[in-house]
Amino acid sequence: MKSCHPDLSGDDPDVTSFCMFINEIYGVLSDPMQRMVYDEIHGYSLTAINPFLDDTSPKDHAFVDEFSCIGCKNCANLAPDVFRIEEDFGRARVHCQSGNPDLVQQAIDSCPVDCIHWTSAAQVSLLEDEMRRVERVNVGLMLSGMGVTSDVFRMANSRWEKRQAKVLENVKVQLMKQKDTDNSRSWSSFWGKPKNYQNSEEETNERAKRAAAAARRWREYSKKGADKPPTFKLPDAMTKE
């Protein structure tokens, strides 16, 4: 926050926008209820359910698999308020989730490579988080056979499972350490209190939607990943003539 504050960084609108976004993130993570939703989605909670195995959440968020997209512009022509073609990479991306669902469905049905999917808000959060770790290039190289294809759904699911495995392992370690003490805790004590936010399904879905929107915005600010260099790398960008 200090490094990107307008008083220190100047009047760059992109930097100012990022500073405001960081402030929003701080507000989310400082809110126990919203933080609980975030931990549930990303697998940091012991009670978390894998969003890719959860059939109870509505699949009302569109997502473009950029490993499959060929930049045909069909979706952007059918639903321009939802899809846009990125100038640098030539691929379609979802920029707004509040468009006409009928037009989105038309784009899905007419997509020649089936790169558009209906997903839940929680799944979008994980998929956008995964895609921000990938260094993308112009779609032209991909069509020429020089690119690398990956299953972003499998990648996101695998990362979630690894997080959850670490949570479970930490609990097991704590239980082992406390096994012979008077202050031992049962396995059930680690599950925490009942989630009050589940009392309102509408409120839960709204929080999940805000998390999905934040994941998309964070990807815009963090092209190569904020925590580590990209683990999956596509070919170098096509030279502009």
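Hi everyone, this short talk goes through the cavities and the aromatic pairs of one predicted model.

A word on ground rules: residues are numbered from 1 along each chain as its sequence is written, and side-chain values use heavy atoms, with hydrogens and water left out. As the model is predicted, local features need pLDDT of at least 70 and side-chain atom pairs count only at pLDDT 80 or more, while totals for chains, interfaces and linings use all residues.

Let's start with the cavities. On a 1 Å grid over the protein atoms alone, a cavity is a set of points where a 1.4 Å probe fits but cannot get out, and lining residues have an atom within 4 Å of a point. Points are joined across faces, edges and corners, and the volume is the space filled by probe spheres set on them. How many cavities of 30 Å³ or more are there? The count is 2.

Phe63, Val64, Glu66, Ala92, Arg93, Val94, Glu128 and Arg219 line it, which divides into 4 nonpolar, no polar and 4 charged. Strand β3 (92–94) gives the largest share of this lining, 3 residues, and β1 (61–64) supplies at least two. Strands (E, at least two residues) and helices (H or I, at least four) are DSSP runs, numbered from the N terminus.

Rings of Phe, Tyr and Trp (its six-membered ring) pair if their centres lie within 6.5 Å; planes under 30 degrees apart are stacked, over 60 edge-to-face, and the rest tilted. The whole structure has 3 aromatic pairs. Tyr38 and Tyr44 are stacked, 6.4 Å centre to centre with 15 degrees between the planes. Phe63 and Phe153 are edge-to-face, because their planes stand at 90 degrees, with centres 5.9 Å apart. That pair joins strand β1 to helix α8 (residues 152–177), across 90 residues of chain.

Is Phe63 buried or exposed? Phe63 is buried (under 20% relative accessible area), at 3%. Phe153, at 22%, is partly exposed, the class between 20% and exposed, which is over 50%, with a 1.4 Å probe and protein chains only. Finally, ring pairs link Phe52, Phe63 and Phe153 into a cluster. Thanks, everyone!

Key: On a 1 Å grid over the protein atoms alone, a cavity is a set of points where a 1.4 Å probe fits but cannot get out, and a pocket is an open set with protein on both sides within 12 Å along at least five of seven lines; lining residues have an atom within 4 Å of a point. Ala, Val, Leu, Ile, Met, Phe, Trp, Tyr, Cys and Pro count as nonpolar, Asp, Glu, Lys and Arg as charged, and the others, Gly among them, as polar.
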